[in-house]
Amino acid sequence: MITRITLSTEETEEFASRLAKHLKSGTVVAFFGGLGMGKTAFTRGLARGMGIDCHVSSPTFAIVNDYGGNPPLVHFDMYKVESWDDLYSSGFFDYLDMGAILAVEWSENIENALPDSTVRVTIEKYEDENSRIIKVEGVECDEDFSR
């Protein structure tokens, strides 16, 4: 497990940018954490680390944002997903089959559909409003992410 404390949104994005270099095509990055914890900021960092230059925003109303790239980065908000039909209609499995990297907010709602190889990112508030403790499970790499 990788554990990292970030003191700002910028540090969260930088950490995610570095982590993105270790993700493979077809990886699901499942976010766990409450509202306002930095899941979209983390996804912005993933996009930057993957060389994708675009506006990254929460897919709350659209449910899915496809940012392109090679492999593509696809950002899901599963907050309103309540059934397998909802999940299938979101395109989740189609994007997974095509080898996209999936960044999934509110993944608690689709826990039973997550592949065994899922990268789990838990983000919690740390000492103040801007600091976060981020725990990442499921990434194999030798890089030191402590700072």
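User: Which residues lie nearest the centre of the largest pocket?

Analyst: Rolling a probe the size of a water molecule over the atoms shows where empty space is left. On a 1 Å grid over the protein atoms alone, a pocket is an open set of points where a 1.4 Å probe fits, with protein on both sides within 12 Å along at least five of seven lines; lining residues have an atom within 4 Å of a point. Here 20 residues line the largest pocket, and L35, G36, M37, G38 and K39 lie nearest its centre. Helix α2 gives the most to this lining, with 3 residues. This is a predicted model, where local features need pLDDT of at least 70 and side-chain atom pairs count only at pLDDT 80 or more, while totals for chains, interfaces and linings use all residues. Residues are numbered from 1 along each chain as its sequence is written, and side-chain values use heavy atoms, leaving out hydrogens and water.

User: What kind of aromatic pair do F15 and F42 form?

Analyst: Rings of Phe, Tyr and Trp (its six-membered ring) pair if their centres lie within 6.5 Å; planes under 30 degrees apart count as stacked, over 60 as edge-to-face and the rest as tilted. The structure holds 9 aromatic pairs. F15 and F42 form an edge-to-face one, 5.9 Å centre to centre with 80° between the planes. Because F15 lies in helix α1 and F42 in helix α2, the pair ties together parts that are 27 residues apart in sequence.

User: Where does the charged end of K39 sit?

Analyst: Over the ring of W106, 4.5 Å from its centre. The test is that NZ of Lys or CZ of Arg is within 6 Å of the ring centre and within 35 degrees of the ring normal.

Methods: Helices (H or I, at least four residues) and strands (E, at least two) are DSSP runs, numbered from the N terminus.
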